[in-house]
Amino acid sequence: MASTIRRRNNICYIPKHDKVIGELIQKRGAIYSSRLDSHVYFRTITRGAAIGLSPYNDYYKKAKAISKHPLIDEITKEMLLDMIHTSTSLSNPEPLYPRSYLHRATLNIILEVTFGIRTNSINDPLFKRLDKWVEDFTLIFSSEDRRSEYFPIVKYFPNNKTMQKAKAIRDDIDTIFGELLEDVKSGKNQSPCTEREVYEQGELEDYQIAHLLASLVFAGTDTVASSITWLLAFLANNPSFQEPAHNELDTLIPKHDRLPTYSDFKNLPYTHALIREGQRVYPPTWLGVHHYNEQDDEYNGYHIPANSLVFINSHAISFNEQRYKNAKEFDPYRFINYEQSMASLANGPAEKRDHFVFGAGRRLCTGVYLAEAELFVILARILYCFKVEKNASPTGEDGKPIPMNLDKPIIGLTICQKIIMLNLFLEMIESCNF
Ligand code: HEM
């Protein structure tokens with residue numbers, strides 16, 4: 001059924017079969033939809049106001065109701081122009097550093113929705129502040145820092161490094177997102193946005209608004225950017241996997257003389273399958289966020305005590321040979337005939353899902369529709385305009401390209417590829433026109 005690990009008070013259950021996830025997390029959602037009221041991550045960093053880390057309570061339900069439609073089209077076009085400009089500029093013939101561009105695009109989409117603002121370039125001081133904050137927040141979920149969570153007594157040790165980092169991240173949220181709220185209150189920011197709506201409703205305290213919206217910005221940035229970074233790294237090692245995508249894009253798009261949009265997804269089945277397979281094999285998170293049960297439960301002869309952490313082991317499911325033939329192989333064609341979107345499958349029966357990277361049940365990723373649209377539009381547009389070159393990383397001391405090592409990720413809340421430390425050569429495709 002699942003692996004179990006005994007912690008101080010709680011037991012971790014790690015279901016690795018789709019059936020168990022369907023029966024526990026989906027059908028018994030009333031029991032398995034909370035989160036641990038974590039001292040470091042929830043209480044300290046987010047002042048008890050982040051949606052994704054919140055126990056299942058009235059505050060969570062209020063926070064969940066907050067969502068709006070984004071401006072994916074315009075922002076990803078701007079990202080492409082930026083990438084094209086950098087990769088073709090004579091004064092700057094350097095390879096691209098894709099992570100920053102992807103981060104700015106995903107950050108701008110969620111910033112537009114939440115605050116009605118966007119950053120102007122990767123050198124924009126606001127982008128630099130937010131980018132560093134997202135990275136710090138991601139990395140404080142590393143296994144070393146999570147020790148304070150697993151052994152709560154550690155938080156009382158003087159000079160506990162995790163608590164120091166947690167307080168610094170919390171102070172960043174207070175400052176950056178507090179300033180953004182002041183801009184709305186003072187009238188400096190007049191854009192329609194979620195922040196204004198929430199503020200005018202008057203139901204939340206200022207600090208709750210700042211931390212709630214910060215948690216949305218955080219959840220919506222690195223997840224999508226990491227997913228695309230992983231795929232670009234994979235394509236740099238295995239360039240032939242991009243050819244079917246180039247072929248279908250070259251057939252479909254020139255007829256319309258425009259960039260691909262999300263409405264093309266049924267006509268670009270390989271590109272969509274490439275994204276699904278990327279999520280299965282190189283997802284941005286392996287265990288997602290834990291679920292937490294506040295009451296005892298019995299399942300299949302097992303007793304699951306109250307206050308257990310229940311992780312969905314999407315990584316183990318993704319490599320389960322009974323679920324996926326030749327599961328270790330990267331093969332987008334396994335998904336080529338899937339017509340339903342990842343988002344609608346995620347809301348359906350567990351056995352029929354393509355993968356579990358967006359979690360499950362009542363705590364299923366709130367941004368799943370947004371994420372799928374962003375992943376598709378960003379990847380389709382990059383592959384329409386660029387070809388990822390073989391061994392696209394820079395050369396090492398021996399003059400040979402440093403291979404992208406897909407086996408050594410940086411593990412935080414999201415799993416990043418080391419490519420974030422490297423540059424990536426993208427060759428501009430001559431016929432790209434928009
Ligand atoms: C490839 C992209 C993404 C992946 C893989 C992903 C994955 C996840 C996972 C695994 C969870 C926890 C689910 C669970 O507890 O069962 C989650 C929660 C969440 N995600 Fe995403 N996510 C992505 C993109 C986004 C985006 C773009 C947003 C935009 C706002 C977003 C917002 C959220 C929020 C607010 C939650 C907390 C939901 C809750 O606790 O009820 N995510 N996501």
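**Notes on the ligand shell and a helix contact**

1. The unreviewed UniProt entry lists Cys 365 under "binding site". The model discussed here is a predicted one, and Cys 365 is found in it in the loop between helix H14 (342-346) and H15.

2. With 22 other C-beta atoms within 10 Å, Cys 365 is buried, since the cut-off for a buried residue is 20 or more. Leaving aside residues up to four places away in sequence, Cys 365 touches Phe 358, Gly 359 and Ala 371.

3. Around the ligand there are 29 residues, of which Gly 220, Gly 288, Gly 359, Cys 365 and Gly 367 come nearest.

4. Sorted by class, the shell around the ligand has 17 nonpolar, 10 polar and 2 charged residues.

5. H10 also meets helix H12 (residues 269-281): the axes of the two come within 10 Å and cross at roughly 100 degrees. Because angles of 65 to 115 degrees count as roughly perpendicular, H10 and H12 are described as roughly perpendicular to each other.

6. On the H10 side, this contact is made by Ser 227, Trp 230 and Leu 231, while H12 contributes Leu 274, Gly 278 and Gln 279. By class, the contact of H10 with H12 has 3 nonpolar and 3 polar residues, and no charged ones.

Terms used
Residues numbered from 1 in each chain as written. Predicted model: local features only at pLDDT ≥ 70, side-chain atom pairs only at ≥ 80, totals over all residues. Near = placed C-beta within 6 Å. Nonpolar A, V, L, I, M, F, W, Y, C, P; charged D, E, K, R; others polar. Axes fitted to C-alpha atoms, helices over the stretch in contact; angles between N-to-C directions. Helix = DSSP H or I, 4+ residues; strand = E, 2+ residues; numbered from the N terminus. Parallel < 35°, antiparallel > 145°, perpendicular 65-115°, else oblique. Contact = placed C-beta atoms within 7 Å. UniProt positions renumbered as here; feature names shortened; annotations may be inferred. Buried ≥ 20, exposed ≤ 12 C-beta atoms within 10 Å, placed from the backbone.
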